[in-house]
Amino acid sequence: MKNFSQISEALKYIDKHLGESITLEVLSEKFFLSPFYFHKLFSIIVGKSLAAYIRDRRILYASNQLCYTEKTILDIALDSGFNSLQSFSRAFREVQGLSPSEYRTQGYQ
C-alpha cells in the first residue's frame with residue numbers, strides 16, 4: 001500500500017513540475033527508492049514507463065495550451081518542458097497524430 005501512495009505522490013509531483021527537468025534520479029531520490037526499483041514499480045502501477053508517462057502528460061498540457069491560449073508554439077513547447085521546438089513537434093505528432101500547428105488550426109479540444 002505504501003508503494004501505491006508513493007507512486008500517487010510521484011504522479012502529483014510530475015503534474016506540478018511538467019515544465020521542469022524530471023528525471024528518474026530526481027524522483028527516486030525524492031521518494032527514497034532506488035532508481036531501478038522506482039522505475040519498475042512505476043511501470044507496473046502506471047502501465048507505462050516513466051519517460052512515456054511524462055511525455056504524454058506534457059503533450060496533454062501542451063494540447064490544452066494550443067486550444068485555449070494564443071501563445072506561440074515555441075513558448076508552449078518550452079513551458080511544457082521540451083528543450084526544442086523540433087523535439088516537441090516530433091513528440092506531439094507521435095502522440096496526437098498531428099503537428100502542433102495542425103492541431104491548433106483544427107481546433108481540437
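**A surface leucine and its chain**

Author: Leu-78 is partly exposed, because its relative accessible area is 41%; partly exposed lies between buried, under 20%, and exposed, over 50% (1.4 Å probe, protein chains only). This is a predicted model, where local features need pLDDT of at least 70, side-chain atom pairs count only at pLDDT 80 or more, and totals for chains, interfaces and linings use all residues. Residues are numbered from 1 along each chain as its sequence is written, and side-chain values use heavy atoms, without hydrogens and water.

Reader: Which helix is Leu-78 in?

Author: Helix H5, residues 73–79. Helices are DSSP runs (H or I, at least four residues) and strands are too (E, at least two), numbered from the N terminus.

Reader: And what patch does Leu-78 form on the surface?

Author: A nonpolar one, together with Leu-74 and Leu-85, with about 230 Å² of accessible area for the three together. Accessible areas come from the Shrake-Rupley method with a 1.4 Å probe, and for residues only the protein chains shown count as cover. Patch residues have over 30% relative accessible area and no salt bridge, and nonpolar side chains (Val, Leu, Ile, Met, Phe, Trp, Tyr) are joined within 5 Å. A salt bridge is a side-chain nitrogen of Lys or Arg within 4 Å of a carboxyl oxygen of Asp or Glu.

Reader: Zooming out, how many helices and strands are there?

Author: The protein chain has 7 helices and 0 strands.

Reader: What box do the C-alpha atoms fill?

Author: Roughly 45 × 20 × 20 Å along the principal axes.

Reader: How much of the chain is buried?

Author: 35% of its 109 residues. The protein chain exposes about 6600 Å², with 54% supplied by carbon and sulfur atoms.

Terms used: Patches are made of residues with over 30% relative accessible area and no salt bridge: like charges are joined within 9 Å, nonpolar side chains (Val, Leu, Ile, Met, Phe, Trp, Tyr) within 5 Å.
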